Amino acid sequence: MARDMSDKEILKMELDQLKLEVNTPRTAVSTTAPEIIAFVEGKSAEDPLIKGVPEDKNPFKEKGGCIIT
Amino acid sequence: MCDQTFLAITFGPCDNCSQNKPLMNIYLKNEPINYCSLCVELMACQGLAKGETIHTLKAESETLKTKLEEERAKLHDVELHQVAEKIEALGQFVMKTRRTLKGHGNKVLCVDWCRDKRRIVSSSQDGKVIVWDAYTTNKEHAVTMPCTWVMACAYAPSGCAVACGGLDNKCSVYPLSLDKNENLAAKKKSVAMHTNYLSSCSFTNSDMQILTSSGDGTCALWDVESGQLLQSFHGHSADVLSLNLAPSETGNTFVSGGCDKKANVWDMRSGQNVQSFETHESDINSVKYYPSGDAFATGSDDATCRLYDLRADREVAIYSKESIIFGASSVDFSLSGRLLFAGYNDYTINVWDVLKGTRVAILFGHENRVSTVRVSPDGTAFCSGSWDNTFDLRNILYGFALYWHQGLYIGVLHHPVMSVP
């Protein structure tokens, strides 16, 4: 547990972690950014919070009262 | 007056040099070792010769960190918002408050949606966990936990159980029954045991496993049925405040954020920390995966939210404004990932355009600090929970940390600070 470890042990843990991370494979932002954007664009059409929900399909709409004629 | 104790000296073969000599009984990492005095001296000198002092470790750590930053910077050839410039801006954002769920007597700390998109479980400071039907605002179930500050709650994927925990250091699972008269507390199952408060919990893809994060600095994966610890995740050097599982298509990873300002990505099977990000300037309160699973967002006490790209292994966007000075307590994405909802300690919710990095709306309406924000599974709505500002949760937790480090162990539940209403 982090609280029970001495400073030296915590530093050692961080050091081992850093050694691992320096060698992680990475892709350029110029590749990944357009992919994120493409993903969002693709899904935006179905995103109810962006395109809105028609009132009759909205499950959270307040129910109207009834009029008895 | 103290009695004099005499050290009994054993005589026998040394563990190291095998010669028959008087042995010194010493303990290394709780293991008893019987070395002769000469070998003990040699061992001590070897330790020094390796030069593993704190200073050398720190220096090595710094050089590695710089090297890591250089490697990351090489791939930072463009900014996300630059690439996003050609996208259409979002239109006027109008959100209506449709329901206000009142029923908690005290601060709402955590909220989770059920996969049926209609039920919500919420937990609060006074120990109550309530299951609501969001369409009708009816309370379906209510449980009172034996502890206060229930900071974590989660709905099981099947909708048949809820998990919750907080200052009791445990995560308990309550199966939900359709029988209203049944006492839910009787069927409670204690699953997780930590040595400090439970900050967050989440079911994995089934009802059978739970992932928890705790103030003791670790995350852990548990089997619900047996309560057995399946995997533990060590790597944070301070309290872990939040965790989030990757969307199921992208594999077995999860991200966690904590008071050490780090966000770590873990492999659930091996327990290995695969990636780590440390660009925030203060505690990370909330982490959430992007819907595609290739990125995640964080909300922090430094008043910013940030987006980290996992494949580029770096931060790609910061969502901040000079006018926003209060910490962000909770973040969540809309269904497509275009919008980021963030709840802040200044009682507002800011809605950010994830790609362009701009704020599209501020939502008012809470009279209290916003503690949690959650978008429904089908993306049609989101709910936010909040609490009174009579009490700063952060201060209490720091109070615990201080007392812990100063060596005064005061049992968590009996700490004097907690008696303030």
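**Reading a helix, a core and some repeats**

Tutor: Welcome! This is a predicted model, and we can begin with a helix: helix H2 (54-74), strand E15 (229-234) and strand E19 (273-277) of chain B are among the elements that cover the buried residues of H1(A).

Student: Which residues of H1(A) are buried?

Tutor: Buried means under 20% relative accessible area. In H1(A), the buried residues are A:Ile10, A:Leu11, A:Met13, A:Glu14, A:Leu15, A:Gln17, A:Leu18, A:Glu21 and A:Val22.

Student: How many residues does helix H1 of chain A have, and what does it span?

Tutor: Spanning residues 7-22, helix H1 of chain A has 16 residues. From first C-alpha to last it reaches 22 Å, close to the 22 Å expected at 1.5 Å a residue.

Student: How do I read the largest nonpolar core, and which residues have the most contacts inside it?

Tutor: Think of a core as buried residues of nonpolar types joined through side-chain atoms within 4.5 Å. Here the largest one has 29 residues, and B:Tyr290, B:Cys305, B:Leu307, B:Tyr319 and B:Leu340 have the most contacts inside it. Elements that each supply at least two residues of this core include helix H2 (29-44) of chain A and strand E22 (305-309) of chain B. The largest share, 5 residues, comes from H2(A).

Student: What is B:Tyr319 in contact with, leaving aside its neighbours within four places in sequence?

Tutor: Its contacts include B:Cys305, B:Leu307, B:Leu340 and B:Trp352.

Student: Where does the UniProt annotation "repeat: WD" fall?

Tutor: In that unreviewed entry, the annotation covers several spans of chain B, including 277-318 and 330-362. Residues 277-318 of chain B are 0% helix and 55% strand, with end C-alpha atoms 14 Å apart. For residues 330-362 of chain B, the values are 0% helix, 58% strand and 15 Å.

Key: Residues are numbered from 1 along each chain as its sequence is written. Chains are lettered from A and ligands numbered from 1 in the order in which they are written. This is a predicted model: local features need pLDDT of at least 70, side-chain atom pairs count only at pLDDT 80 or more; totals for chains, interfaces and linings use all residues. Side-chain values use heavy atoms; hydrogens and water are left out. Buried means under 20% relative accessible area, exposed over 50%, partly exposed in between (1.4 Å probe, protein chains only). Helices (H or I, at least four residues) and strands (E, at least two) are DSSP runs, numbered from the N terminus. Contact means heavy atoms within 4.5 Å. The expected span of a helix is 1.5 Å times one less than its number of residues. UniProt positions are given in the numbering used here, feature names are shortened, and annotations may be inferred rather than shown by experiment.
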